[in-house]
Amino acid sequence: MSKQSSPLQSLTLTADGAVAVHRGVGYDGAQATVQGQKIVGVSRYAAATGEAFAADTAGTTVIETGDEIAVGDSLIVDSSGRAIPVTGEIAIGAGATQVTSSAANGAILTGGDLPEFVFADALQAASGAGEFIEIKLR
């Protein structure tokens, strides 16, 4: 499969800081800087602060990888906006009480967003960081 994109929807955003091409971007127009953060889409072009750029938000697109990825992996962003597989780690917040009851059936999550925002599924594999693969945006 070639590295292509078939976006069904793209949004024009204004860059809040430098945005590299093929990276996850937040709703504020800034390149993702926190692993697992919620993003609006993937940048189609690089942009400097204040410049307009397109972010693919639906369909397929190309993204830079931050780790090894297998076809079908659910993806989150790393701290540079690159795609990495879901880690599945759930951190207990400061001041929170960890639930240890066997009746709890696993972690209990509260709030509107999960700790890792899964934004896409891999259509191609990558052997490590710095590769470009096609993904299906969720």
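Me: In what order do the elements of the protein chain run from the N terminus on?
Reply: This is a predicted model, in which local features need pLDDT of at least 70 and side-chain atom pairs count only at pLDDT 80 or more, while totals for chains, interfaces and linings use all residues. Residues are numbered from 1 along each chain as its sequence is written, and side-chain values use heavy atoms, with hydrogens and water left out. Helices (H or I, at least four residues) and strands (E, at least two) are DSSP runs, numbered from the N terminus. The protein chain has 0 helices and 8 strands, and the order of its elements is β-β-β-β-β-β-β-β.

Me: What percentage of the residues of the protein chain count as buried?
Reply: Buried means under 20% relative accessible area, exposed over 50%, and partly exposed in between (1.4 Å probe, protein chains only). Of the 138 residues of the protein chain, the buried share is 38%.

Me: Over how many bridges do β4 and β8 pair?
Reply: Two strands pair if DSSP finds at least two bridges between them. β7 and β8 run antiparallel and are joined by 3 bridges, and in this pairing Ala120 stands opposite Leu137 of β8. β4 and β8 also pair in the antiparallel sense, and the number of bridges is 5.

Me: Which residue in β8 is the bridge partner of Glu64?
Reply: Glu64 lies in strand β4, which covers residues 52–64. Contact means heavy atoms within 4.5 Å; not counting residues up to four places away in sequence, Glu64 touches His22, Arg23, Arg82, Ala83, Gly130, Glu131 and Phe132. Its bridge partner in β8 is Phe132.

Me: What distance separates the C-alpha atoms of Glu64 and Ile133?
Reply: Along the chain, Glu64 and Ile133 are 69 residues apart. Leaving aside neighbours within four places in sequence, the contacts of Ile133 include Val62, Ile63 and Thr65. The C-alpha atoms of Glu64 and Ile133 are separated by 6.6 Å.

Me: Is Arg23 buried or exposed?
Reply: Arg23 is placed in the loop between β1 (6–14) and β2 (24–25). Beyond its neighbours within four places in sequence, Arg23 is in contact with residues including Gln31, Val42, Glu64 and Arg82. Its relative accessible area is 13%, and therefore Arg23 counts as buried.

Me: What is the relative accessible area of His22?
Reply: His22 is in the loop between β1 and β2. Its phi is near 60 degrees, a positive value in a residue other than glycine. His22 is partly exposed because its relative accessible area is 21%.
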